[in-house]
Every structure is written in structure tokens, then in C-alpha cells.
Amino acid sequence: MEFVRVARWAQALEVRAACPRAVPVSGGTDVMVQVNAGRSRPAMLLDLGPVAELAGWEPADGWLRVGAGVTYTRLVEELGDRLPGLAQAARTVGSRQIRNRGTVGGNLGTAATKGVCHPVLLACDARVELAEATGGTRLIEADDFYQGERRTALAPTELIRAVWLRPARGPQYFAKVGVRNAMTTAICSLALTVDHDRRRVGVGIGAAGPVPSRARAAEEFAAAHLDWKGDPGRPLEAAVVRHFAELVARAADPADDLRAGAAYRRHALTVLARRTLTWATTPSTTRPADHLRRPGDQP
């Protein structure tokens with residue numbers, strides 16, 4: 001297995017074009033687990049860690065353009081106020097050392113359904129910026145990026161350059177269920193966003209199907225019951241919250257495995273759906289403290 005480390009974005013694209021079978025590595029927190037376990041043996045590992053062009057973020061045309069090399073730690077510390085849902089998801093990843101290494105681009109590239117970024121990107125209507133050596137760049141909706149289990153719309157000669165998200169215009173929450181409270185992958189996960197400007201509710205589901213998915217019927221139902229003209233943060237009736245949770249569970253496609261059964265995953269999603277919608281429509285004093293931390297707060 002060949003290992004190539006590059007320092008410039010143009011060089012990375014050239015290597016990718018010359019060796020389409022190369023597996024890009026950013027933080028390596030997922031790829032190297034697959035390699036060490038013998039589940040993957042790529043012809044080449046392309047290390048993108050030193051590429052400075054991937055490590056920045058900036059406002060652009062009303063969006064936030066977040067480089068593929070931005071780590072989970074920086075999502076929490078630098079973007080927690082602008083992208084609270086993504087910051088909450090990043091905060092649940094592994095240990096501090098893993099958060100210092102893992103990146104949003106790496107999470108996207110491996111496309112494991114349990115990846116924490118996926119539900120949030122779907123709920124936020126995010127876009128993924130892809131580029132190749134010929135100079136071509138394209139933006140693809142997060143909905144269209146996931147093609148199957150660990151398969152994406154990324155062409156063999158393309159690399160992920162950035163993700164584009166709108167700054168939060170309302171509550172955003174991420175929640176997951178695991179076998180313990182920390183340093184564990186998700187048995188199932190859910191992200192919920194409320195956009196006051198667009199009068200839209202977004203719901204993304206992770207680890208409950210072969211690909212991360214949207215709960216579109218639940219999104220439309222919740223949006224229809226929020227009081228956008230008055231107070232969209234007004235508590236909803238219990239029956240509305242229950243039906244919303246049922247719609248979320250119906251949108252999932254879970255399977256039985258060693259970690260959990262399909263029925264348990266559906267039940268867990270109903271609980272997460274009820275909680276996140278309640279948090280989004282309840283005064284902040286009643287929300288769990290873990291979901292109120294601001295950038296710089298101690299864990």
C-alpha cells in the first residue's frame with residue numbers, strides 16, 4: 001500500500017486524478033480503523049491533512065462555507081453559535097483526541113450511516129462542494145450525496161472540498177442513542193432544525209438504515225403546526241408531538257444487528273424525535289444543560 005502526503009490542494013487533485021483508487025485520508029479516525037481491522041486495503045492512501053486550503057471556513061453569499069479539513073473541535077469552538085446542530089453532533093464524537101483529528105470532510109467521505117455529521121447536514125439542507133483536477137467544481141445537495149451503504153456521489157477523480165450551510169435561524173438539535181453516554185458510535189441518531197426565516201423544519205436520521213435519510217413527512221407535519229406568524233417557540237400539543245415522532249420512525253429503515261434490533265431503533269427514534277421537537281418549542285430553562293453549551297464552555 002502506497003502512502004502519499006500532499007501539502008497543496010492542486011497537488012491533491014493531481015494525485016487523485018492519477019490514481020482514482022486512492023483513498024483520501026483527512027483525520028483518519030474512520031479510514032485507519034477499517035485498514036487496521038483488515039476490512040479495507042486500498043492501493044494508496046492520500047493524506048490531505050497538511051492541505052491548508054481545506055482547513056478554513058468563511059461566510060459566503062449568506063452561507064457558511066466550511067472546509068473539508070475543519071476538525072470536530074473547531075466546529076464546536078469556532079462555529080457553535082452559527083451552526084449549533086453541527087457543533088452538538090461534533091461534541092458527541094469519541095474522545096478529545098479524536099475530535100482534534102476527525103474532520104467534517106472525512107465523516108462525509110467514509111459515508112458510514114452512523115456518522116454524526118450526516119443527519120445534521122440533511123436537516124440543514126446543506127450542500128457539498130466537490131472538485132477535480134480539470135478545474136471543475138460542483139455543488140451537490142446533501143440529499144443527493146448519499147448513494148448507498150458507504151457509497152456517495154463522489155466521482156473517482158473528485159475530492160470533497162467544503163460543505164455549505166446556512167447559519168442557524170432558529171433552534172437546532174442533535175441527539176443520539178448509544179450503548180453508553182460517551183465515546184461510542186450511534187445506535188441511531190437524529191437532527192432537528194427550525195428555520196424561522198424560511199418557515200421550515202428539517203429532520204435528518206442516522207444509523208437507522210443503509211444510508212442517512214430525511215423524514216420529509218415529519219418535516220412537513222411539524223412545519224404545518226408551528227405558529228410562524230406568532231411564536232414558533234410556543235409548546236405544541238402532546239398529540240402533535242407524538243404524531244411527529246411516529247412519522248420520524250416510519251421514515252427510518254433500520255435493521256437488526258449485534259448492537260440493536262430494528263424495533264428498538266424505531267422506538268429510540270420516536271423518543272429522540274419527541275425530545276428534540278419539545279426542546280425546540282419549550283422555554284430554554286427546561287432544556288437539558290448539555291444542549292445549551294456555548295463555544296468555550298467546559299464539557
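Student: Is Asp125 buried or exposed?
Tutor: This is a predicted model, in which local features need pLDDT of at least 70 and side-chain atom pairs count only at pLDDT 80 or more, while totals for chains, interfaces and linings use all residues. Residues are numbered from 1 along each chain as its sequence is written, and side-chain values use heavy atoms, without hydrogens and water. Buried means under 20% relative accessible area, exposed over 50% and partly exposed in between (1.4 Å probe, protein chains only). Asp125 has 18% relative accessibility, so the residue counts as buried.

Student: Which residue meets Asp125 in a salt bridge at 3.5 Å, N to O?
Tutor: A salt bridge is a side-chain nitrogen of Lys or Arg within 4 Å of a carboxyl oxygen of Asp or Glu. Asp125 lies in the loop between α7 (117-123) and β6 (127-132), and its partner in the loop between β12 (188-195) and β13 (200-206), so the pair ties together parts 73 residues apart in sequence. The partner is Arg198.

Student: In the five-stranded open sheet, which strands stand at the edges?
Tutor: Strands (E, at least two residues) and helices (H or I, at least four) are DSSP runs numbered from the N terminus, and two strands pair if DSSP finds at least two bridges between them. The order is β4-β5-β10-β6-β7, with antiparallel pairing. Each edge strand has a single partner, so one side of each is left without a neighbour in the sheet; these are β4 and β7.
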